[in-house]
Amino acid sequence: LPPPVPMVPAVATCVRPGRSEGVPRTAEDSPAVQIARRLFLKDMRGAGVEPSPYYMLLQGEGDWMGRAIDALEPPTQHQAFSRQLSRFSTLVEQVVNRFGGALVYAGGDDVLAFLPLDAGLACAYTLAEIFRTLLADFANPAQGVKAPTFSAGLVIAHHLEALSQTLQLARNAEHAAKHIPDKDALAITPSKRSGPARTRSLLHT
């Protein structure tokens, strides 16, 4: 795994400084939560850290998985393929934690995780590299089958933006990445609190 990257703790990116006008009162607005928030911000600022109101949400999955599975013939190949996917799921949590994020789920080739603003790109590239390495032996040139790769969507979102909207943007970004020829791609959508969100796609290197 790569060395740790200096960053604001992931929880700091989800701090809500106050209730917006017109937003219904929730548990987040209770006196106990408000006191905890103030103490947290005091401690962070006392340490010289200003929490960011933005965070990243990553959603990704493997490319060429159906073709690779169809090309598996003896049962031992299926077993080996499943073992490598299981290893990837285990490593995903380690990688996300290393980059100060919070894993929502990792199952097979699917990943969903919250990440600090300054660590999302490095985490996405690390996951893609690990996935490629683990599944590199499952290419089948004779059948025109490529080794599986990993594509992902990253959304830069404000903590006051509705999570349902951020999740949809992450799905859309992942969809954009997986429509890049040859895939192994990353699509990034910065979501401002005003104006449309625009997706930019990159290739992993």
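The model is a predicted one.

Start with helix α3. It has 24 residues, and at 1.5 Å a residue these should span 34 Å. The end C-alpha atoms of α3 are 35 Å apart, which agrees. Its buried residues are A80, F81, Q84, L85, F88, S89, V92, V95 and V96. They pack against α2, β2, β3, α4 and β4. After α3 comes G100, with a positive phi near 75 degrees.

Helix α4 covers residues 120-134. Its 15 residues should span 21 Å at 1.5 Å a residue, and its end C-alpha atoms are 21 Å apart, so the two values agree. Buried in α4 are G120, C123, A124, T126, L127, A128, I130, F131 and L134. The cover over these buried residues includes β1 (54-63), α2 (65-70), α3 (75-98), β3 (110-115), β4 (149-158) and β5 (185-190).

**The nonpolar core**

In soluble globular proteins, nonpolar side chains tend to be buried together. Here the largest nonpolar core has 33 residues. Those with the most contacts inside this core are L58, F81, F88, L127, L135 and F150. Two or more residues come from each of β1, α2, α3, β3, α4, β4 and β5.

What does F81 touch, leaving aside its neighbours within four places in sequence? F81 is in contact with M65, A68, I69, L72, L135, F138 and P148.

**Aromatic pairs**

The count of aromatic pairs comes to 5. Two of them are set out below.

| Pair | Centre to centre | Angle between planes | Geometry |
|---|---|---|---|
| F81 and F138 | 5.0 Å | 90 degrees | edge-to-face |
| F88 and F131 | 4.9 Å | 80 degrees | edge-to-face |

Take F81 and F138 again. F81 sits in helix α3, and F138 in the loop between α4 and β4, so this pair ties together parts that are 57 residues apart in sequence. Both F81 and F138 are buried.

Now the other pair. The planes of F88 and F131 stand at 80 degrees, so the pair is edge-to-face. F88 lies in helix α3 and F131 in helix α4, so the pair ties together parts that are 43 residues apart in sequence. Are these two residues buried or exposed? F88 is buried, with a relative accessible area of 1%. F131 also counts as buried, at 1% relative accessibility. F88, F131 and F150 form one aromatic cluster.

Strand β2 (residues 102-107) runs antiparallel to β3, and 5 bridges join the two. L103 has A113 in β3 as its bridge partner. Together β2 and β3 form a hairpin, with 2 residues between them. In the turn, G108 has a positive phi of about 65 degrees.

Which residues meet S89, apart from its neighbours within four places in sequence? S89 is in contact with A106, G107 and G108. S89 has its place in helix α3. A polar atom of the S89 side chain lies 3.1 Å from the backbone nitrogen of G108. S89 is buried, because its relative accessible area is 16% and the cut-off for buried is under 20%.

Note on methods:
Residues are numbered from 1 along each chain as its sequence is written. This is a predicted model: local features need pLDDT of at least 70, side-chain atom pairs count only at pLDDT 80 or more; totals for chains, interfaces and linings use all residues. Side-chain values use heavy atoms; hydrogens and water are left out. Helices (H or I, at least four residues) and strands (E, at least two) are DSSP runs, numbered from the N terminus. The expected span of a helix is 1.5 Å times one less than its number of residues. Buried means under 20% relative accessible area, exposed over 50%, partly exposed in between (1.4 Å probe, protein chains only). Contact means heavy atoms within 4.5 Å. A nonpolar core is a set of buried Ala, Val, Leu, Ile, Met, Phe, Trp, Tyr and Cys residues joined through side-chain atoms within 4.5 Å. Two strands pair if DSSP finds at least two bridges between them. A polar contact is a pair of N or O atoms within 3.5 Å; within protein, one must be able to donate a hydrogen and the other to accept it, and residues adjacent in sequence count only if both atoms are side-chain atoms. Rings of Phe, Tyr and Trp (its six-membered ring) pair if their centres lie within 6.5 Å; planes under 30 degrees apart count as stacked, over 60 as edge-to-face and the rest as tilted.
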